[in-house]
Amino acid sequence: MLRKLLFRQAPGAYRFLSTQSTLPLLSKCSVFSYCSSSRPEIPPSNSIEHLEDQPTNTISIDRSGLYSPPEHSHEPSSDSELVKHLKGIIKFRGGPISVAEYMEEVLTNPKAGFYINRDVFGAEGDFITSPEVSQMFGEMVGVWAMCLWEQMGQPKRVNLVELGPGRGTLMADLLRGASKFKNFTESLHIHMVECSPALLKLQHQSLKCMDEENTSEGVDKRSLSTLAGTPVSWHATLEQVPFGLPTIIIAHEFYDALPVHQFQRGSRGWCEKMIDVTEDSSFHFVLSPQPTPATLYLMKRCKWAVPKEVEKLNQIEVCPKAMDLTSTLAKRIGVDGGGALIIDYGLNGVVSDSLQAIRKHKFVNILDNPGSADLSAYVDFASIKHSAEEASDDVSVHGPITQSQFLGSLGINFRVEALLQNCTDEQAEALRTGYWRLVGDGEAPFWEGPEEQVPIGMGTRYMAMAIVNKKQGIPIPFQ
């Protein structure tokens, strides 16, 4: 979760793909038809016409079909800065924005994005992630990373990258659990890909980092995690992580925060859902009258799908940034060696209408008070697999398997039993609850507390997938 590996869209007018250039491509896909009609609000009459009884060199412009913003008011507005910014984009372009652009602004706007200036994780935040549930999650991911490192031939220098590290809890638990394996930890250089200044500070604290000031000119400040004596660097994007070394990449609940485009089947075929402003100045959904740039990704996604899988759907979500990110990961792993572990909730197939908003652990309307709730969508694991395989012939993709299978095969059952041997009753209750949330399915059968606090298992809702260099064989536990 962001986490930012998002490439900000350049400002400027929103451009639809021209119907002439796109439709020949679309016609090759027999399963689909796409909207191509003109904007219904524009009148059919000519926009320039001569007036009678006027000199022939005088013209009049018919503006009846143009967007007319509400009259400017000097009354104070209750809109937040982010809402004003979103409405400003729509007004400047004279038309709606995509759901993906709305999602990106809401989550990662530099001034008012949901992830940017606050801690949104844990019981006091808006949602709880697996690392916040139990230390065992980060420990098991550490076991996976060490096993992959051994399959790589135990290289002396390795980049260990985490995308969207949240509070840094997962990496901290990983390093604590691996601290006794000196050969492994001494080979690591940790790279945290993070765009939020607030979360970066929390990660620095979680990893118990000490900063070393360098006196040499042109040399950046260096941080060292005292948990395992490991150097740590922070980057805004994955591209800033140095190339040339074997790389292990962890993406836990990162893909679900990447912006998605939504398409809806209508009388004119597949049309992209957009977000516009109504006359009463609220946000609402509209359908694009013409093919949009994201239509190309819809075509690619549908090419990978079985026709019957698409025919039964009225809505489809595609995530171009997930496809592009996966391509980047696969190319790097194919050249430098290593692997990537992706854990998230989603489907192993085409995703329909899954975008949701969560505020204070409750679902809310996606368009309600943007910037105050987390937006996320199901991860399309099948799309990740196809994207990786198309990007590099030197990688193999394994999974997805359920989180319960992943953690169970790595030994979480033995770990919880070992921890229960030396803990208080209160700690034992927390361990059992955390264990169930990680590997269980549905409500915990042993729960005797308040009904509204019953632990819900995430073991089958979340899935794990690995992308590795083919030379390293099949990674544990995907054999």
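Which residue in β17 is the bridge partner of Ile 358? Asp 374 is that partner, and Figure 2 shows the strands concerned. The model is predicted, so local features need pLDDT of at least 70, side-chain atom pairs count only at pLDDT 80 or more, and totals for chains, interfaces and linings use all residues. Residues are numbered from 1 along each chain as its sequence is written, and side-chain values use heavy atoms, with hydrogens and water left out.

**Figure 1. Helices α5 and α6 cross.** Two packed helices are described by the angle between their axes and the distance between the axes. The axes of α5 (residues 135-151) and α6 (residues 169-178) come within 7 Å and cross at roughly 65 degrees. Axes are lines fitted to C-alpha atoms, for helices over the stretch in contact, and angles run from 0 to 180 degrees between N-to-C directions. Helices (H or I, at least four residues) and strands (E, at least two) are DSSP runs, numbered from the N terminus. Residues in contact (heavy atoms within 4.5 Å) include Phe 137, Val 141 and Met 146 of α5, which meet a group in α6 that includes Leu 170 and Leu 174.

**Figure 2. Strands β16, β15 and β17 form an open sheet.** The order of the three strands is β16-β15-β17, with antiparallel pairing; two strands pair if DSSP finds at least two bridges between them. β16 (362-364) and β17 (374-376) are the edge strands, each pairing on one side only. From one strand to the next, the twist averages 40 degrees. Strand β15 (residues 356-359) is joined to β17 by three bridges.

**Figure 3. Helix α15 and its buried residues.** α15 (residues 425-439) has 15 residues and reaches 21 Å from its first C-alpha to its last, close to the 21 Å expected at 1.5 Å a residue. The expected span is 1.5 Å times one less than the number of residues. Among the buried residues of α15 are Ala 428, Leu 431 and Trp 436, where buried means under 20% relative accessible area (1.4 Å probe, protein chains only).

**Figure 4. Strand β22 is covered on both faces.** Because eight of the eight residues of β22 (residues 462-469) are buried, this strand is largely enclosed by the rest of the structure. One side carries Tyr 462, Ala 464, Ala 466 and Val 468, and the other carries Met 463, Met 465, Ile 467 and Asn 469.

**Figure 5. Strands β14 and β19 pair with β22.** β14 (residues 338-347) pairs with β22 in the antiparallel sense over seven bridges; Ala 340 stands opposite Ile 467. Strand β19 (residues 395-402) is antiparallel to β22 and joined to β22 by six bridges. Val 468 in β22 is the bridge partner of Ser 396.

Terms used:
Buried < 20%, exposed > 50% of the residue type's maximum accessible area, 1.4 Å probe, protein only.
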